[in-house]
Amino acid sequence: DVPIRRKQWFWHPNSEENLLSLDELKDIYYRSVGHGTNLLLNFAPDNRGLIPEADAKRVSEFGDWIRNTFSNPVKEISGEGYKLEITLDSPIEIDHIILMEDIAHGERVRDYVLEIKKEGEWIEIVRGSAIGHKKIDRVKPMVIDQIRLRVLKVAAKPLIRKFALLSNISYL
């Protein structure tokens with residue numbers, strides 16, 4: 001639950017300097033939505049009863065960033081079990097990995113690792129916990145052709161609704 005203007009729940013004239021920057025909004029997105037929670041971005045109407053232009057412009061930029069960053073996965077799979085693997089037709093540079101559980105059956109994954117295959121060996125790139133509704137792992141841009149999810153600790157058999165790779169180098 002975040003006001004679009006820093007420390008300001010209500011509109012005040014001439015306070016555009018308090019408007020959260022696009023980079024601050026990205027960070028909030030990764031720390032909320034990227035960890036399975038909702039993000040409620042609050043806007044206060046001005047003295048005309050309208051959303052101020054600067055606020056509307058910023059949220060439009062933020063929406064564009066979300067769509068450009070997360071709308072076009074390179075590859076996406078789903079499945080169940082303790083290992084899921086993606087093999088690409090050719091190497092590609094990635095920078096985000098999205099994991100989602102089928103939470104209609106409960107949150108089951110407690111600990112996991114993401115690994116890429118390099119020169120015949122699996123190398124750990126991310127270690128995480130609690131996938132839940134959605135987990136976004138940002139990684140330094142890397143060229144891969146194979147990646148796997150290994151689930152290390154569970155409450156019940158893992159049901160992965162989405163395991164997606166994204167390549168949005170220009171949007172970081």
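In this predicted model, Gly79 has a bridge partner in strand 8, namely Ile160. That pairing is a handy way into the sheet. Five bridges join strand 3 to strand 8 (residues 159–166), and the two strands run antiparallel. Helix 2 (residues 53–70) packs on the sheet, where it touches strand 4 (83–101), strand 7 and strand 8. The direction of helix 2 makes about 115° with that of strand 4.

Stepping back, the sheet is an open one of six strands, and reading across it gives the order 3-8-4-7-5-6, with antiparallel pairing. Strand 3 (75–80) and strand 6 (121–129) stand at the edges. Each of these two has a single partner strand, so one side of each is left without a neighbour in the sheet. From one strand to the next, the twist averages 30°.

Take Ala164, which lies in strand 8. Leaving aside neighbours within four places in sequence, Ala164 is in contact with Pro73, Lys75, Glu76, His96, Ile97 and Ile98. Ala164 also shows how folding brings sequence positions together: Ser78 is 86 residues away in sequence, yet the two C-alpha atoms are 8.7 Å apart in space.

The other residue is Lys135, placed in strand 7 (residues 135–154). Is Lys135 buried or exposed? With 7% relative accessibility, Lys135 counts as buried. The side chain of Lys135 makes a polar contact with the side chain of Asp137, at 3.3 Å. Setting aside neighbours within four places in sequence, the contacts of Lys135 are Gly34, His35, Ile97, Ile98, Leu99, Tyr112, Gly128 and Ser129.

Now for the charged pairs. Side chains of opposite charge can pair when their charged atoms come close. How many salt bridges does a search of the whole structure find? It finds 14, and three of these pairs are described here, starting with Glu16 and Arg5.

Glu16 forms a salt bridge with Arg5, and the closest N and O atoms are 3.9 Å apart. Both residues lie in the loop between strand 1 (2–3) and helix 1 (22–32), so the pair ties together parts that are 11 residues apart in sequence. At 41% relative accessibility, Glu16 counts as partly exposed, whereas Arg5, at 4%, counts as buried.

Next come Glu80 and Lys157, whose side chains meet in a salt bridge at 3.0 Å, N to O. This pair links distant parts of the chain, with Glu80 in strand 3 and Lys157 in the loop between strand 7 and strand 8, 77 residues apart. Glu80 is partly exposed, with a relative accessible area of 48%, and Lys157 is partly exposed too, at 42%.

Terms used: Residues numbered from 1 in each chain as written. Predicted model: local features only at pLDDT ≥ 70, side-chain atom pairs only at ≥ 80, totals over all residues. Heavy atoms only, no water. Helix = DSSP H or I, 4+ residues; strand = E, 2+ residues; numbered from the N terminus. Buried < 20%, exposed > 50% of the residue type's maximum accessible area, 1.4 Å probe, protein only. Polar contact = N/O pair within 3.5 Å; in protein donor to acceptor, adjacent residues only side chain to side chain. Contact = heavy atoms within 4.5 Å. Pairing = 2+ DSSP bridges. Axes fitted to C-alpha atoms, helices over the stretch in contact; angles between N-to-C directions. Salt bridge = Lys/Arg side-chain N within 4 Å of Asp/Glu carboxyl O.
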